[in-house]
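I opened my notebook today to look up a few things in a structure. Here is what I wrote down as I went.

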Amino acid sequence: MQAKLHRWAAADPGRRFDDLFNLVYDPATLLVAFDRVAGNRGANTPGVDGLTVADVEERIGVSGFLDDLRAAVKDGSFRPLPVRERKIPKPGGSGKVRKIGIPVIADRVVQAALVLVLEPIFEADFLPVSYGFRPLRRAHDAIAEVHHFGTRGYRWVLDADIEAAFDSLSHTAVMDRVRLRVKDKRVLALVKAFLKAGILTEPGAVQGTMTGTPQGGILSPLIFNVAMSVLDEHVMEPWKPGGPMSTSGKRAYRRSKGAPTWRIVRYADDFVVLVHGTREDTEALREDVAAVLAPLGLRLSPSKTRVVHMGDGFEFLGFRIRWKRKRGTNKWYVYTFIAPSSVRALKAKIRALTHRTSQWEFRSVLVKLRQLMRGWAYYFRHAVAKRTFSKLDTFTWWRLVHMLRARHRWNWGQLRRHLKTASGRWVIAAGGVEYFRLQGVTVSRYSYRGAKIPSPWPSPNHA
């Protein structure tokens, strides 16, 4: 079903799809949607009704739950409930919080069903310069693209920050974009109902949602990408076939005449515009971008949006990217480092887990550290990270050593007897779980995939 929708959408860019509603409440679609919800990390986090996936499976039964949900969607009696607000710390140790909205399980399943139906259609329109929350694409592809074009002279950067992007998005603007591809009024009404569902705040008050799409909803990333595709298309308009930047020859000709070339790289609401030109060219693009975002209800943060040269470096998706001279040579390259804010955020989590007076069982501490550090290391292992990994490994090792000394009142001799093996190797372990050595993670260059990123719905081969 998804492959057909994607093929039809790609074959006819102007096609508006009708009769999609029956696909949304199809039993097979709802079953796949429930499996996706059950497989998410938030499966055991309840919405305003207090139900988790485990409650549905044990107390209601999946089959009965989906039958009732299908009937409600089909007859039009289904109404989304307000999302439960939860505030979580923003990464980077800034002390600021991010508001997320947690829908009830039934709403999550219907949202997942909508994504199953709508995503193949809109994916046919999305440009390859956006990477966030799209199938088979990841943050590393966005970083690799910045590295690729930075190496080729695109060294002025519009480092953009949108103020409260998910909270400020205009419902009118995003629904207009959805209508360009979806004609089915029942599907449009369902999407709009989720946008207008409201929020149950932490103090317990219900607030209406006149703008925005709550972070935490399964449908929200797709809806946001649909809206932001306006910006992608505007910035990349000259790159279309026949456009003034459509070929490397045309781009070189523009630059020979003193005109700039540019390219956007976007991951959800985080984006940069890379410019092969001057600061003035980049400042002009800043105004152009702001004008495109305004009808969407979005605005660039005056304090956080800046024009910077890659030689001074900038942060993007947790990395710090900088054009600099290679040590010991006169050659300059674009390097990708781990951003200091990312290191600070990890250290804060390590400190919280390894406090000397912690009452956690030591094995549980090692398990939590392994999960935390492995995920972090595997995300950043494609950066220039070996030295950072080594320093963090030493930092964590000593935190654990001091934790053990305080807990068991060991002196250094006792510590040595407990941790040093017969082979002379020092090992921190408990209950069969050994401390994960961050310095042992292999660092490697991430290959730029560019246009080679496959589609999850490839065209059939009739050969």
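Predicted model: local features only at pLDDT ≥ 70, side-chain atom pairs only at ≥ 80, totals over all residues.

**Entry: H16 against H17**

I remind myself that two packed helices are described by the angle between their axes and the distance between the axes. I looked up helix H16, residues 386-408, and helix H17, residues 412-419; they pack at an angle of about 115 degrees, with their axes 11 Å apart. Angles of 65 to 115 degrees count as roughly perpendicular, and that makes H16 roughly perpendicular to H17. The crossing of H16 past H17 is right-handed. Which residues make the contact? From H16 I listed Trp398, Val401, His402, Leu404 and Arg405, and from H17 Trp412, Leu415 and Leu419. I sorted the residues of this contact of H16 with H17 into six nonpolar, one polar and one charged.

I stayed with Leu404, whose place is in helix H16. Is Leu404 buried or exposed? Its relative accessible area is 5%, so Leu404 is buried. Setting aside neighbours within four places in sequence, I found Leu404 in contact with Phe362, Arg409, Trp410, Leu415, Leu419 and Ile428. I also checked Leu404 against Phe362: they are 42 residues apart in sequence and 8.6 Å apart in space, C-alpha to C-alpha.

**Entry: Arg409, between the two helices**

Arg409 was on the contact list of Leu404, and I found Arg409 in the loop between H16 and H17. Arg409 is not a glycine, and yet its phi is positive, about 55 degrees. With 75% relative accessibility, Arg409 counts as exposed.

**Entry: Ala164, another positive phi**

I noted a positive phi of about 45 degrees for Ala164, which is not a glycine either. Where does Ala164 lie? It lies in the loop between strand S3 (156-160) and helix H8 (165-168). Its relative accessibility is 43%, so Ala164 counts as partly exposed.

**Entry: H14 against H16**

Back to H16, this time with helix H14, residues 340-353. The axes of H14 and H16 come within 10 Å and cross at roughly 15 degrees. Angles under 35 degrees count as roughly parallel, and H14 and H16 are therefore roughly parallel to each other. H14 passes H16 in a right-handed crossing. On the H14 side I wrote down Val343, Leu346, Lys347, Ile350, Arg351 and Leu353, and on the H16 side Thr388, Leu392, Phe395, Thr396, Arg399 and Met403. The residues of this contact of H14 with H16 divide into seven nonpolar, two polar and three charged.

**Entry: the core**

How many residues does the largest nonpolar core have? I read off 133, and the residues with the most contacts inside it are Val109, Phe271, Leu293, Phe316 and Ile428. Helix H6 (residues 105-123) gives the largest share of this core, 13 residues. I then looked up Val109: leaving aside neighbours within four places in sequence, Val109 is in contact with Leu30, Ala33, Phe34, Val37, Phe65, Leu66 and Leu69.

**Entry: Arg186**

My last stop was Arg186, in helix H10 (residues 185-195). At 44% relative accessibility, Arg186 counts as partly exposed. Apart from neighbours within four places in sequence, Arg186 is in contact with Asp19 and Phe21. I also noted Arg186 and Lys74, which are 112 residues apart in sequence and 9.7 Å apart in space, C-alpha to C-alpha.

Conventions: Residues numbered from 1 in each chain as written. Heavy atoms only, no water. Axes fitted to C-alpha atoms, helices over the stretch in contact; angles between N-to-C directions. Helix = DSSP H or I, 4+ residues; strand = E, 2+ residues; numbered from the N terminus. Parallel < 35°, antiparallel > 145°, perpendicular 65-115°, else oblique. Left-handed = near helix turned anticlockwise from the far one by under 90°. Contact = heavy atoms within 4.5 Å. Nonpolar A, V, L, I, M, F, W, Y, C, P; charged D, E, K, R; others polar. Core = buried A, V, L, I, M, F, W, Y, C linked by side-chain atoms within 4.5 Å. Buried < 20%, exposed > 50% of the residue type's maximum accessible area, 1.4 Å probe, protein only.
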